[in-house]
Amino acid sequence: MAARFRLLGAVAAFVVLLDQITKIHIDRTFALYESLPVVPNFFAITYLRNKGAAFGILADSSVRVPFFIIVSLLAIAAIFWYFRQLQPGQTGQQVGLSLILGGAVGNLIDRIRLGEVIDFLDVHWYQYHWPAFNVADSAICVGVGLLLLCMWREERRLKVERREG
């Protein structure tokens, strides 16, 4: 059990560290709304601040900061609970939850420190922009994708075992 929690701590700490370092760098070196094209008409580093959740949801709500802090803390508790339910060999799920935990903590730090989240990864096709995001958001998405992939593979394995059994 201790090795699994070392994995959780190491991956989550790496995500939080990378997330916070990149956000501090952007905050110190870019002016708000400043943009640096990396791949023309496709990807830029653009300094934005998001007061809401994904896609700016609840950005203008007066209860947004306490709401997002409470939701983040509940999500972190749920991640620890779910992580404890995993079996030692479920490494993919362990890494997925670790990525999600790191992303949740990274964005929680911003919400507590700034009342909003620093975003800077701007993917777009000419003038059509996907909402900007950050390292924490990326870790959460990759972690969820990894969990879904592991669940799909486990379901397929069980179906094969039932047919053969």
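Visitor: Which residue in the turn of the hairpin formed by E1 and E2 has a positive phi?

Guide: That is Asn41, whose phi is about 60°, and the hairpin has 3 residues between E1 and E2. Strands (E, at least two residues) and helices (H or I, at least four) are DSSP runs, numbered from the N terminus. Please keep in mind that this is a predicted model, where local features need pLDDT of at least 70 and side-chain atom pairs count only at pLDDT 80 or more, while totals for chains, interfaces and linings use all residues. Residues are numbered from 1 along each chain as its sequence is written, and side-chain values use heavy atoms, with hydrogens and water left out.

Visitor: How many bridges pair E1 and E2?

Guide: E1 and E2 pair over 4 bridges in the antiparallel sense, and two strands count as paired if DSSP finds at least two bridges between them. Within this pairing, Pro37 has Ala44 in E2 as its bridge partner.

Visitor: And what is the order of the strands in the open sheet?

Guide: The open sheet has 4 strands in the order E1-E2-E3-E4, with antiparallel pairing. Strand E1 (35-39) and strand E4 (128-129) stand at the edges with a single partner strand each, so one side of each has no neighbour in the sheet.

Visitor: What joins E2 to E3?

Guide: Strand E2 (residues 43-50) and strand E3 (residues 117-125) run antiparallel and are joined by 6 bridges. Asn50 has Val117 in E3 as its bridge partner, and for Leu48 the partner in E3 is Asp119.

Visitor: How many of the residues of E2 are buried?

Guide: In E2, 6 of the 8 residues are buried, so this strand is largely enclosed by the rest of the structure; buried means under 20% relative accessible area, with a 1.4 Å probe and protein chains only.

Visitor: Switching to helices, which one lies across E2 and E3 at about 85° to E3?

Guide: That is helix H1 (residues 2-29), while helix H3 (residues 91-114) also lies across E2 and E3, running at about 125° to E3. Angles run from 0 to 180 degrees between N-to-C directions, and axes are lines fitted to C-alpha atoms, for helices over the stretch in contact, where contact means heavy atoms within 4.5 Å.

Visitor: At what angle do H3 and H4 pack?

Guide: H3 and helix H4 (residues 135-164) pack at about 155°, with their axes 7 Å apart. That makes H3 roughly antiparallel to H4, a term for angles over 145 degrees.

Conventions. Buried means under 20% relative accessible area, exposed over 50%, partly exposed in between (1.4 Å probe, protein chains only). Angles under 35 degrees count as roughly parallel, over 145 as roughly antiparallel, 65 to 115 as roughly perpendicular and the rest as oblique.
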